[in-house]
Amino acid sequence: MGLTFLVTGGAGFIGGNLVRHLLAAGEGHRVVVLDALTYAGNPDNLAAFVGNPRYHFVHGDICDRAVVRESFSRHQPDVVLNLAAESHVDRSIDGPGEFIRTNVVGTFELLDAARTLHGALEGERRKRFRFVHVSTDEVFGSLGAEGLFSESTRYDPRSPYSASKASADHLARAYHHTYGLPTIVTNCSNNYGPHQFPEKLIPLVTLNALEGKPLPVYGDGKNVRDWLYVDDHAEALALVAARGVPGETYCIGGNEERTNIDIVETICALLDELAPTPKRHRELVTFVKDRPGHDRRYAIDPGKIERELGWRPRTSFAVGIQKTVEWYLANRPWCERIAQGTYRRERLGLAAGVRAGGAS
Ligand SMILES: NC(=O)c1ccc[n+]([C@@H]2O[C@H](COP(=O)([O-])OP(=O)(O)OC[C@H]3O[C@@H](n4cnc5c(N)ncnc54)[C@H](O)[C@@H]3O)[C@@H](O)[C@H]2O)c1
């Protein structure tokens, strides 16, 4: 049955891929995107849907109560998928204020508008309403060499970004316990795939390598992340919206732990094949000063969503990274249009305004 989804942050990396997944699902879903088009929001990510009668775009800020309320009352969503966020840890180190505003205050505005809408719903519509809040594994802090994050892991956020996301998660749960709003929180690992803004490790390294620029690796390069292909994540979110239990949390991970230096070397090896140059790309690797407070390892146990909702990541890292690098090679105009914006792939997140070229 066709539902109406309100996807906040739909012009971003995961949001754009999720919108494509929902519109292509063959169930006649309508998708309304609410996005402020910050530096990370890219209309190009949504260009393919313009003209589709089941797609509608609202240019607006989730902190703007009037815009949020108007979007809820006009479009009457069955499902809210909240992805709008300031999402880059390094930027949160340089300027935490915007993270508190969007990630905490914006989530509050959405939850409160959802509470009003849900309060007025009856029957089937009330039963199927869901507010899915998309969060991160970074709220759990840092792991040692062993162990995995799961739904019962204690919160221990350590950057302004993860602290702001943790606050929003608590608000989403509080709205369930206090008001009976059917909220669900998801905590996922690092996503990668097409359309990711090039401040993040994989696109940054790919694009720098293509231009023969240094490939900055923070610290010793041994920090570990669990990589999740963005289409697999989109599938998980759609499943959580359809079958997830209100008040529950689902951890979503790719079962693909890699050190940062492994990632960089894999991209270099792929580019040696796909875009050969006289020098091997790995010669561009440059170790740079570490991120302040850089968490050592994140890894997710996705057992609950696998057991209870039957989801599994379909895309191995080997396949996903090849598809991703090929996408960036085939979509240079997308990259070039981003390069015309304010971001120049400079080093962010040293907290002192130092700019020296960097990644994560
Ligand atoms: N990318 C990852 O690896 C990852 C991992 C875990 C969790 N997440 C979470 O998933 C969500 C999406 O991440 P992403 O990587 O696609 O982010 P992104 O930075 O690519 O996109 C964020 C989107 O939110 C929009 N936005 C920002 N502030 C807004 C505001 N005040 N009002 C309306 N729109 C606003 C931006 O314009 C952009 O389109 C975020 O909530 C993030 O915390 C991402």
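Q: Buried means under 20% relative accessible area, exposed over 50%, and partly exposed in between (1.4 Å probe, protein chains only). What makes Gln76 count as partly exposed?
A: Its relative accessibility is 30%. That value falls between the 20% and 50% limits, so Gln76 is partly exposed.

Q: What kind of model is this?
A: It is a predicted model, where local features need pLDDT of at least 70, side-chain atom pairs count only at pLDDT 80 or more, and totals for chains, interfaces and linings use all residues. Residues are numbered from 1 along each chain as its sequence is written, and side-chain values use heavy atoms, leaving out hydrogens and water.

Q: How is Leu37 classed by its relative accessibility, and why?
A: The value is 26%, so Leu37 counts as partly exposed. Leu37 lies in the loop between β2 (30-35) and β3 (55-59). Its phi is near 50 degrees, again positive in a residue other than glycine.

Q: How do you know that β6 is mostly covered?
A: Strand β6 spans residues 183-188, and six of its six residues are buried. Thr183, Val185 and Asn187 point one way. Ile184, Thr186 and Cys188 point the other way.

Q: What makes β5 and β6 a pair?
A: Two strands pair if DSSP finds at least two bridges between them. Strand β5 (residues 130-136) and β6 have six, in the parallel sense. In one of these, Thr136 is the bridge partner of Cys188 in β6. The chain goes from β5 through helix α6 (residues 160-179) to β6, a right-handed β-α-β crossover. Right-handed means that, with the strands pointing away from the viewer, the path from the first strand over the helix to the second runs clockwise.

Q: How many bridges join β6 to β10?
A: Four, and the two strands run parallel. Strand β10 covers residues 249-252. Val185 stands opposite Thr249 in β10.

Q: Why are the buried residues of α12 placed on the same side?
A: In helix α12 (residues 332-339), Trp334, Cys335 and Ile338 are buried. They cover an arc of only 95 degrees around the axis, so they lie on the same side of α12. The arc is that of the directions from the helix axis to the C-beta atoms. The buried residues of α12 pack against α7 (201-210) and α11 (317-330). Contact means heavy atoms within 4.5 Å.

Q: What makes β7 and β11 edge strands?
A: The open sheet has three strands in the order β7-β9-β11, with mixed pairing. β7 (190-192) and β11 (257-259) each pair on one side only. The twist averages 50 degrees from one strand to the next. Axes are lines fitted to C-alpha atoms, for helices over the stretch in contact, and angles run from 0 to 180 degrees between N-to-C directions.

Q: In which sense do β9 and β11 pair?
A: Antiparallel, over three bridges, with β9 covering residues 224-229. Asp226 has Glu257 of β11 as its bridge partner. Helix α8 (residues 230-243) packs on the sheet, touching β7 and β9, and its direction makes about 70 degrees with that of β9. Helix α9 (residues 260-274) lies across β9 and β11, at about 85 degrees to β11.

Q: Why is the pair of Tyr192 and Trp227 called edge-to-face?
A: Rings of Phe, Tyr and Trp (its six-membered ring) pair if their centres lie within 6.5 Å; planes under 30 degrees apart count as stacked, over 60 as edge-to-face and the rest as tilted. The whole structure has 13 aromatic pairs. For Tyr192 and Trp227 the centres are 6.1 Å apart and the planes stand at 80 degrees, so the pair is edge-to-face. Tyr192 in strand β7 and Trp227 in strand β9 are 35 residues apart.

Q: Are Tyr192 and Trp227 buried or exposed?
A: Tyr192 has 0% relative accessibility, so it is buried. Trp227 has 5%, so it is buried too.

Q: What makes Tyr192 and Tyr229 an edge-to-face pair?
A: The centres are 5.4 Å apart and the planes make 65 degrees. The limits are within 6.5 Å and over 60 degrees, so the pair qualifies. Tyr192 lies in β7 and Tyr229 in β9, so the pair ties together parts 37 residues apart in sequence.
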